[in-house]
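Please look at the sequence and the structure below. The report that follows takes up a few parts of them in turn.

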Amino acid sequence: MAKTILIVDDFESSRNILEKTLANAGYNILKGEDGKEALKRFDGSAIDLVITDLNMPNMDGLTLTKSIREIRNYQYVPVILLTTSTKSDQQELAKSAGVTMCMAKPYNVETLLMTVKKMIR
Amino acid sequence: MDTIHDKFIEEAKELLLDLEKALLELEQTPQDTKLIEQAFRAMHTLKGTSSMFGFVKVGNLTHDLETVYEFIRNGKTTFTPEIQHVTFSSVDLIHELLATNDELAAEDSPERYKNLIEEIKKLAGTLEDNIPAADQSSAVKIHEKTAQTYFISFRPKETLFSRGANPLYLIDDLYALGKCLVFPHFENIPALNLLEEHNCYLYWKALLVTTQDISAIKEIFIFVEDLCTLEVHAVAEGDLLASGDFTKAIDDIFKNKSPITLGAVTDSIRGEKTNAKGSDKTKKKVVVAKDNSISSIRVPSDKLDGVINIVSELITLQARLTLIAEKNSDPSLVTVTEDFEKLLRQLRDTSLGMCLIPVETLYTRFQRLVRDLSKDLHKDIKLITEGGDTELDKSIIENLSDPILHLLRNSIDHGIEDTATRVAKGKSKQGFVRLKSFYATGSVIITIQDDGKGMDSAKIKAKAVEKGLIQPDAILSDKEGLNLIFLPGFSTAEKVTEVSGRGVGMDVVRQKVEELRGEIDIESAVDKGTTITVRLPLSLSIIDGLLIKIGDTSFVLPLALVHKCYEINHEKLASAYSDLLIIEGEQIPYVNLRDEFALSGEAPAIEQAITMEYEGQKVAFIVDSIVGEYQAVLKPITNLYKGHGHDIVFGATIMGDGSIALVLDTNRIVKQHSNKILIKHY
Amino acid sequence: MSFKVGQETFAASVTHVHEILELTKITKIPHAPAFMKGVTNLRGTVLPVVDTRIKFGFPTVEATPDTCIIVLNITVHDKSILVGALVDAVIEVFDAMADDIKPLPSIGSKYNTEFIKGTIKVGDDFILFLDIDKVFSTEELIQVQDSGKD
C-alpha cells in the first residue's frame, strides 16, 4: 500500500516541487499551507511522514512538530524539518521540539528520496 | 512542469513585492522587527526554492543576503542605508533574472551581478560554515575494501520514540550494509504495571560484516545519535561470521543471557557498561499558536472567472424564469421566482466582490517608482497615497497599472519643478504627488494630483496648432485646451527625457482607460499643479440597470446614475424652444433618445423623462416607456469596426425572451450630444 | 459553400462557416454604419450581423423565406471572432480542390481583386471565391465592381 507523506510549506512552489518529486516516487501526498492547516490532516487518516518548512506564518514548523507529538495515534510520526539554517543551535531547537531530522534547503533530490525511504517502510 | 515553473515565478514576484514594501517602510522605521522579519522571510523562501527551479543566480544572490538579514534579526547589525541599497539592487536584478530564465541578458547585467555578490559577501562577513545535515547522509561510497567485521551496540534512550524514530528501521539498515547478526535485548522491559508505553526499553547488539567503512554504519544512526548510546568497533578483518565456531560462540553467550559485549566478542571478558538510563524526558510543552491574521484562501483567477460566468448565465436564466412566472400567474411560482431573484442578486454581489482587489497593490509599486525617479532627477518629491483599501475588479487593476504609472511619471518628470525653481516660486522645497482612490455613485475615481508647474492651456493650444492638430482660429475653452494633450501625436516636453520619453502616450493612456469603459479628465492651473481624474466602472460584467423601451427596441440605462423618472407630454417636447426641460423648478437639459438614435416610429403621447447623473449635473433622457429594474449581464459586442456608435454602448444584454437590449453609456451619449450642439452653434 | 447576394452568387470556404441561422430578430445599433445590420442573440452570445448586400454595394431587397444569416468565423488582428452575414440564400455546399480555384484574369476584370481569391467552376458557371477574412474585417464597402469602370 502506498505510503502517505504530508507536506507543509507556505510557499506554493515549494509544495509543488516536493509533491512532484515524491509523487513520482510513488507516495501519496497530502498538503498543508501552514501548520494550522496541516494539523487538520491528523484526523484519523494515515500519515507516514511529515515534511515541513520551518518558517511559516500562523504556526512554524517547530510548533507544528510539538503539536503533532501531542496527538494520539500520531505521536511517533517521523518529521523532517526543512530549513536553510543548519547551525547547531537550530538543530538543538529542532530536536527538542521532536523533529526526527533536519534537512537543508535547497535540498538534493536524491538525498531527499533516500532519507524519505529510510523513514518510511 | 511548465505550470509549476510559472507558478514559482508568480510567487517569487509576490515575494519581491512584499520585500520591496518592507524595505520602503524600513527606511522610515529601521528598527521595526516585524518588517525585518518580513524581509527575512521573503529572502529565506527565495533562497530555499529558487535554485530548485533552475534560478541558480537568484539563489546565489539571496543566499548571503539572507544571512545579512539574519544578522539584523539577531541584533548583530542594523538596517543601514547601504543594506537597503544593496537589497533594492538585488531585487531589481532578481526581477530581471526571473524574466530571462536566470540569464544575465542585459549588457551590464553580468557586471552588476558580480558586484552585487561581492558587496553582499562583504556585508555578510565570513562565508557561512554551512555543512547541511543532508550532506552527511549523501550516497554511501563504496570502497574497494575488503570486508570487515564490526561490533555494534545500539542502546536507545527511553525517549527514542519521542522523535518519531523507529529503531527497527535502523536495524534493517544494518542488514542492508552486509551480513548481519543482531541480538535484541529485552531485559530492560519492566513489569507490566510499570510499563510506560511511550518508552523504548529494547536495545540491540549486532555483528556486521561489510565492505563499507565505519562512517557508513554510524550514518545509519545519525539522526538518533543523541537519543541513544552507540558503539561501533571494528573487531576483525574479513568475515568473522563466516566462521561457524565464532557464530556458535556468540550464540551461546546470547542463549546464556550473558551480555554480548565487545570484550566477549574478542574473547576477553569485559564488564558490561551499565548504561545510565537517561531519563531526561523532554518535556513537551504545548504551545498554542495565536492566530492573528485574517484567514484567506488562494484561488486561481480562472476559477473565479468560471464562477462569474456561471453566475452571469444564472442571471440570464432567471430573467427567463421571471417571464414565465409572470405569464403563468401561479402565485407560488411568482413568490419563488422573486425569492430566487433576491438570492441571485446576493450571489452576484458576493462573487463579484471576490474578484475585487484593493488598489493598495498598485500603490507599493508606485512608491518605489517615485522614490527612484525623484532621486534620479534630483527632485524632492513625496508620494502621498489615500484610499488604498478601495477595491477594484482585478482585471481593471491589472490594466490600470501602466497608464497610472505613466501619469505619475509625467507628474514627476514634467510637472514638479526642481527644488531651486520651486523655492524661487515661493513653493515648498518638497513637491508632492497625491494618488487617491475613492467610490462615487457606481464608479471608482482615481485622482493623480501634483503641485507642480501645471499646464498652460494657451501654450497647449499653440502647440496643437503648430502640429496641425487643430485650426488656428478654433475657439476652445480652457478645459478643452487641456484635453488636447490626449490627441495622438501631441507632446509638450521641450526635451526628450530618458524618464518619460517625449511625454508621448497620453493618447494611449486615454485609450487604455476607455477600453476599461472609464473616463479620464484633466484640470490644471499654472504654477499651482495638475489633477488628473480617472473614473472607472466597478465591474466589467454585471450592472444594475433600468430597462426602457423606445418603439419595440429595449435599452438598459445604468441604474446607479438614475435619479428620477417623470412623465412628460410629447406635445410639450415637440414645441419646446430650447433643449431644456423644467422639472421640479429646475432647468434640465435633455436628450431625446429616439431622435438621437434615429429610430423609426412615432413617439407615444406620454413619454418618460429619466433624469440621470452626468458629471455632477442632471441630464434627462426621453424614452417611450420604462419597463423596470433589470440585472444586466454584460455581453461584449465584438468591436469589429472602430468608432461608429460602439462607444456609446457598454455592451448588450440578453433578455428573458432571448432578445437583445443594448446597455447605454449615458455619459458618452451626453458628451456626443453636447458636441453636436456645440457644432450646431458654430 | 455557395450563396446568393442580390443577383450574384459567391463562394466561400466551408472552414469559415460556423453555422447557418434562420433570419432572427436583429437589434439595431445606433450610429452604426449602414452595412451593420445590428446584433442578434446566438445562444447567449451577442453576434454582430452584417448586411452583405449593402456591403457589396447592391440595392437592398425585402427579406424572403430564403434569407438567412451565415455565421462566419473570421480572423481579425490575429483574433478569431464570429460575424453573421445576412445573405439572400444559401445554395449548396460542394467539394472542390484547391487548384479548382483559378486566379482572376487581371485585365478586363469587373471585380476588385483584393477580396477575391479566384473563381471556381460550379456546373457551367464561374463563381467568385471570396477571401472571407478580408471581406468582413474591413470597414469599407466592398466594391464588387471595379470603381474605375464606366
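How many residues does the contact take from chain C and from chain B? The contact takes 20 residues from chain C and 18 residues from chain B. The model is a predicted one.

## Where chain C touches chain B

The largest share, four residues, is given by β4(C).

By residue type, this side of chain C holds eleven nonpolar, six polar and three charged residues.

## Chain B as a whole

Chain B has 682 residues, and 34% of them are buried. Its secondary structure consists of 21 helices and 21 strands.

Among the contacts in chain B with a separation of 6 or more, 68% join residues 24 or more positions apart.

## A pair of helices in chain B

Helix α11 (residues 301-328) and helix α12 (residues 331-354) of chain B pack with their axes 10 Å apart, at an angle of about 160°. Angles over 145 degrees count as roughly antiparallel, and α11(B) and α12(B) are therefore roughly antiparallel to each other. Their crossing is left-handed.

The residues of α11(B) in this contact include B:L304, B:V307, B:I308 and B:V311. Those of α12(B) include B:L333, B:V334, B:F340 and B:L344. The residues of the contact of α11(B) with α12(B) divide into 15 nonpolar, five polar and two charged.

## An open sheet in chain B

Five strands of chain B form an open sheet with mixed pairing, in the order β6-β8-β9-β11-β10. Which strands lie at the edges? They are β6 (381-386) and β10 (519-525) of chain B, each of which pairs on one side only. From one strand to the next, the twist averages 15°.

Within this sheet, strand β9 (residues 443-450) and strand β11 (residues 529-537) of chain B are paired in the antiparallel sense, over eight bridges. One residue pair can be picked out here: B:Q449 has B:T531 in β11(B) as its bridge partner.

## Helices on the sheet

Helix α14 (residues 394-415) of chain B packs on the sheet and touches β6, β8, β9 and β11 of chain B. The direction of α14(B) makes about 20° with that of β9(B).

Helix α13 (residues 360-377) of chain B lies across β6 and β8 (431-440) of chain B. This helix, α13(B), runs at about 170° to β6(B).

Terms used. Residues numbered from 1 in each chain as written. Chains lettered and ligands numbered in written order. Predicted model: local features only at pLDDT ≥ 70, side-chain atom pairs only at ≥ 80, totals over all residues. Contact = placed C-beta atoms within 7 Å. Helix = DSSP H or I, 4+ residues; strand = E, 2+ residues; numbered from the N terminus. Nonpolar A, V, L, I, M, F, W, Y, C, P; charged D, E, K, R; others polar. Buried ≥ 20, exposed ≤ 12 C-beta atoms within 10 Å, placed from the backbone. Axes fitted to C-alpha atoms, helices over the stretch in contact; angles between N-to-C directions. Parallel < 35°, antiparallel > 145°, perpendicular 65-115°, else oblique. Left-handed = near helix turned anticlockwise from the far one by under 90°. Pairing = 2+ DSSP bridges.
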